Amino acid sequence: MACPAATTPSHCCRARIGAPRGPSLWRSDRSAGGVLAGSASLRPSRAARNTRARASELQQAPPRPPASGPVPTHKVTVHDRQTGVVHEFVVPEDQYILHTAEAQDIRLPFACRHGCCTSCAVRIKSGQIRQPEALGISAELKDKGYALLCVGFPSGDVEVETQDEDEVYWLQFGRYFARGPVERDDYALELAMGDE
């Protein structure tokens, strides 16, 4: 029985730490690559590999059912109000619009890249954008023709216009702040100060 750290049987770590002798998880024979073969694995656990895989999936577009043939592409036209430039580029139907634009060295506004803010918000002038992960805008704004480029997929040729982030934020949340100033709650302030 050989230790994975040992180069000779006399240097076995079990002997150094006084572990009882008995069945070992390691076999003394070596596999083809000079690595110890054994029932214990040097690879990360299945749970650790799955966690890493799930974390990397968050950065990628959600999987689509396998298509028979090439993925359709669509022409996307973006009128950038901040710079006055009109960008035209082609985006595959299964790719995020913002990621494809960046891959073609087209600079568009963005912040979170996860559909949680309104930095990349656009108003759709024509066409449709599929955006199942767009949490940064309400269903009401989606119905009014707003979309987020960072998590938006073109469903056909589409023409959009960038929006001011504050403008979209106001459209979404302004009704809550338009009621007037919020009354000061001294008791809540005392509690907060006491926690410090």
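1. The side chains of serine 119 and glutamate 165 make a polar contact at 3.1 Å. A polar contact here is a pair of N or O atoms within 3.5 Å; within protein, one must be able to donate a hydrogen and the other to accept it, and residues adjacent in sequence count only if both atoms are side-chain atoms. Serine 119 sits in the loop between α3 (97-103) and β5 (121-126). Helices (H or I, at least four residues) and strands (E, at least two) are DSSP runs, numbered from the N terminus. Not counting residues up to four places away in sequence, serine 119 touches Pro109, Phe110, Ala111 and Glu165, where contact means heavy atoms within 4.5 Å. Serine 119 counts as buried, at 11% relative accessibility; buried means under 20% relative accessible area, exposed over 50%, and partly exposed in between (1.4 Å probe, protein chains only).

2. On provenance: this is a predicted model, in which local features need pLDDT of at least 70 and side-chain atom pairs count only at pLDDT 80 or more, while totals for chains, interfaces and linings use all residues. Residues are numbered from 1 along each chain as its sequence is written, and side-chain values use heavy atoms, with hydrogens and water left out.

3. The average pLDDT of the chain is 75, and 56% of the residues score at least 70; pLDDT is the predictor's confidence in each residue, from 0 to 100. Residues 1-41 have a pLDDT below 50, and this stretch has 34 contacts in the model beyond near neighbours in sequence. For residues 52-58 the pLDDT also stays under 50, with 2 contacts beyond four places in sequence.

4. Overall content: the chain has 6 helices and 9 strands. Of its 196 residues, 29% count as buried. Taking contacts between residues at least 6 apart in sequence, 52% join residues at least 24 apart.

5. Strand β3 (residues 73-80) runs antiparallel to strand β4 (residues 85-92), joined by 8 bridges. Two strands pair if DSSP finds at least two bridges between them. Aspartate 80 stands opposite valine 85 in β4. The two strands form a hairpin with 4 residues between them, and glycine 84 in the turn has a positive phi of about 75°. β3 also pairs with strand β9 (residues 158-162), in the parallel sense, over 4 bridges; there histidine 79 stands opposite glutamate 161.

6. Alanine 101 belongs to helix α3 and is buried, with a relative accessible area of 0%. Leaving aside neighbours within four places in sequence, alanine 101 is in contact with Phe89, Ile106 and Leu108. Alanine 101 and histidine 87, 14 residues apart in sequence, are 8.9 Å apart C-alpha to C-alpha.

7. Cysteines: a search of the whole structure finds 0 disulfides, a disulfide being a pair of cysteine sulfur atoms within 2.5 Å. For cysteine 112, the nearest cysteine sulfur is that of cysteine 117, 3.7 Å away. Cysteine 112 is partly exposed, with a relative accessible area of 24%. The sulfur of cysteine 150 is 3.6 Å from the closest cysteine sulfur, in cysteine 120, which is too far for a bond. Cysteine 150 counts as buried, at 1% relative accessibility.
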